[in-house]
Amino acid sequence: TWNVEHAEDVVSIHRRYFEAGSDIVLANTFGANALKYTDSKYKLEEIITHAIENVKKASSLGVQDGRETYVALDVGPTGKLLKPMGDLSFDEAYDTFKEMMMIGEKAGADLIHIETMSDTYEVKAAVLAAKENTSLPVFVTMIFDEKGKLLTGGNVPAVVALLEGLRVDALGINCGLGPEQMLPILDEIMEYTSLPVIVKPNAGLPKQRNGEVYYDVEPEAFAGYMEEIVKRGAALIGGCCGTTPSHIKAMTSRLKKSSAFEERKRTGTTQKTIVCSYGNAVILGDCPVIIGERINPTGKKKFKQALKEHDLDYILREGIAQQDAGAHILDVNVGLPDIDEVKMMREAVTELQSVTSLPLQIDTVNIEAMKTAMRYYNGKPMVNSVNGKQESMDAVFPLIQKYGGAVVALTLDEDGIPSDAAGRVRIAGKIIEEAQKYGISRRDIVVDVLAMTISSEPEGAKTTLEALKRVSEEYGVCTVLGVSNISFGLPYRPAVNSNFYTMAMQQGLSAGIINPLSEDMMRSYYSYCALMNYDKNCEAYIEKYGNQTPILAGGTNAPSEISLAEAIRKGLKEEAHHGTRELLKAKEPLTIINEEMIPALDQVGKGFEKGTVF
């Protein structure tokens with residue numbers, strides 16, 4: 001309301017920052033959204049319009065050297081957590097941000113600065129609202145703690161992958177920490193991003209003196225830290241809590257005399273292929289990655305029945321079992337002719353993300369299901385798939401361009417699957433070239449040269465392995481295979497699958513879509529990683545096999561029933577309900593609470609405190 005009722009005071013504050021040397025000044029709109037601003041005295045349009053006008057007026061009064069300045073619509077969080085962690089839906093958050101941003105652009109903002117965000121899902125809603133409803137540049141800064149984590153668990157690689165996938169114009173960090181504490185986080189951001197980086201620290205940490213709060217980094221010290229921050233790569237710098245015009249003036253004065261901007265480390269186009277959930281990033285191309293294949297109805301009668309009966313807990317159990325067995329990414333395919341795949345895919349993706357932090361691979365030929373899943377996915381997913389048919393590329397690439405993702409490229413086109421390696425390599429090149437027209441770099445193309453069953457194509461394995469090696473070497477892209485396809489029609493398939501899996505990794509396979517519950521496959525994986533020194537000091541191999549006998553000897557077991565305590569620790573609502581009902585047949589309610597529920601909740605609480613559970 002001060003934007004309207006005390007405009008002269010707000011203008012005065014903005015003016016002092018322009019006079020101190022600021023090029024961009026944020027409008028007083030941080031909380032100007034329908035969920036935070038509930039005063040009926042003024043409409044949001046009046047509040048935001050006056051806020052933008054106040055900055056413009058301050059610029060005309062405070063900038064006398066002719067430099068170009070900008071007014072930013074300042075967009076803060078809604079103040080609520082999004083589902084499943086909170087009670088605000090993604091669509092409600094999107095609509096809240098959309099209203100702000102449309103008013104801001106109409107009022108004359110030069111850019112949108114989304115800041116002080118601690119949740120990747122909320123920031124995704126905000127970025128989409130900006131991108132879909134305005135033509136303004138979009139800057140985003142997040143709040144990381146000293147461990148490099150967001151409140152909801154996201155780490156630096158996950159945040160960078162998400163925001164780059166959404167095509168923001170600049171990204172970085174603000175608030176929460178002083179400039180010294182931000183240095184290691186900046187270094188990590190620089191390792192992963194190719195975008196301009198923003199750093200806006202607090203003036204140190206808040207302390208009390210004589211009953212008053214103050215920040216413990218004085219202007220000159222702040223300026224010294226900011227010079228180092230620029231040298232380490234920041235392209236846009238400023239201040240957050242506690243930074244007065246004196247801090248900004250000291251910073252700009254020092255940097256005018258410094259060569260820091262000329263010396264600064266530049267961001268480059270990182271070649272890392274990254275997919276992520278809200279809190280876990282997986283980098284393809286270093287150590288081989290396991291994509292769990294079991295959330296897929298193909299050849300699975302029980303899974304088909306679960307989909308028809310809308311038994312989402314079956315899907316969640318499959319996901320958790322694969323996670324516990326060592327999967328890094330979970331493939332999600334819920335396509336059946338007699339169900340609503342669009343609705344089921346969205347539910348499966350959101351429910352899985354409530355119980356596991358593993359990234360997901362959205363596996364569907366239904367473009368509407370793919371679009372819906374990508375929109376509501378909290379992170380940057382794998383997307384399976386696109387192929388060399390023009391129709392497929394025309395449908396899939398705009399979705400990758402808009403929502404971000406690493407897309408699986410199948411080496412087939414209008415003429416089918418080439419029988420030779422050269423043909424598959426040619427199609428891979430065609431897909432990579434077409435993707436570049438949408439601004440999709442080859443780091444976000446993961447090529448599948450297709451494993452053809454050797455029972456019908458005797459040379460199939462040799463052709464696949466040759467194509468795999470050539471695609472890796474000639475295009476420098478990551479690769480993926482549905483490994484078990486190789487053995488269709490043969491007896492004791494795990495033996496063939498596991499040996500082919502090892503051969504494929506030797507030829508450059510980045511990610512195998514396999515059954516992580518198969519002991520044969522996991523032996524191949526752990527052995528290969530130890531032999532190739534991906535597993536330093538054989539630690540993972542020793543942990544896996546050092547003092548236990550493998551349990552899942554054929555590896556096709558479905559996840560067994562779990563205890564109430566385990567259901568609580570995993571966040572499985574239906575399993576917890578069922579477990580409680582069963583225990584009530586033999587135990588008193590208070591006994592169940594004391595012996596099962598409280599110890600499980602205690603473990604969850606300790607995990608949250610340590611930063612391992614969110």
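Which element gives the largest share of the lining of the largest cavity? Helix 6 does, with four residues. Helices (H or I, at least four residues) and strands (E, at least two) are DSSP runs, numbered from the N terminus. The structure is a predicted model, in which local features need pLDDT of at least 70, side-chain atom pairs count only at pLDDT 80 or more, and totals for chains, interfaces and linings use all residues. Residues are numbered from 1 along each chain as its sequence is written, and side-chain values use heavy atoms, with hydrogens and water left out.

The mean pLDDT (the predictor's confidence in each residue, from 0 to 100) is 94 for the protein. A value of 70 or more is reached by 97% of the residues. Residues 550–558 stay under 50. For this stretch the model has 18 contacts beyond four places in sequence, a contact meaning heavy atoms within 4.5 Å. Where pLDDT is low, predicted coordinates should not be read in detail.

The cavity was located on a 1 Å grid over the protein atoms alone, as a set of points where a 1.4 Å probe fits but cannot get out. Lining residues have an atom within 4 Å of a point. Grid points are joined across faces, edges and corners, and a volume is the space filled by probe spheres set on the points. By this rule there is one cavity of 30 Å³ or more. The largest cavity holds about 40 Å³ of space. Its lining includes M142, F144, V156 and I189. Helix 6 (156–165) and strand 5 (170–174) each supply at least two lining residues. By class, eight lining residues are nonpolar, one is polar and none is charged. Here Ala, Val, Leu, Ile, Met, Phe, Trp, Tyr, Cys and Pro count as nonpolar, Asp, Glu, Lys and Arg as charged, and the others, Gly among them, as polar.

Seven strands form an open sheet in the order 1-2-3-4-5-6-9, with parallel pairing. Two strands pair if DSSP finds at least two bridges between them. Strand 1 (24–26) and strand 9 (236–237) stand at the edges with a single partner strand each, so one side of each has no neighbour in the sheet. Four bridges link strand 2 (residues 70–75) to strand 3 (residues 111–117) in the parallel sense. A72 has L111 of strand 3 as its bridge partner. Helix 5 (residues 120–133) packs on this sheet, touching strand 3 and strand 4 (138–142). Its direction makes about 175° with that of strand 3; axes are lines fitted to C-alpha atoms, for helices over the stretch in contact, and angles run from 0 to 180 degrees between N-to-C directions.

A closed barrel of eight strands runs 12-13-14-15-16-17-18-19, also with parallel pairing. The twist averages 30° from one strand to the next. Strand 14 (residues 360–363) and strand 15 (residues 382–387) run parallel and are joined by three bridges. Q361 has M382 in strand 15 as its bridge partner. S385 lies in strand 15, and the peptide bond from N384 to S385 is cis, with omega near 25°.

Strand 10 and strand 11 form a hairpin with four residues between them. Four bridges join these antiparallel strands, and C276 stands opposite A281.

Most residues other than glycine have a negative phi, and most peptide bonds are trans. The bond from K83 to P84 is cis, with omega near 5°. P84 lies in the loop between strand 2 and helix 4 (90–107). N210 has a positive phi, near 55°. N210 sits in the loop between strand 7 (206–209) and strand 8 (212–215).

Terms used:
1 Å grid on protein atoms, 1.4 Å probe; cavity = no way out; pocket = protein on both sides within 12 Å on 5 of 7 lines; lining within 4 Å.
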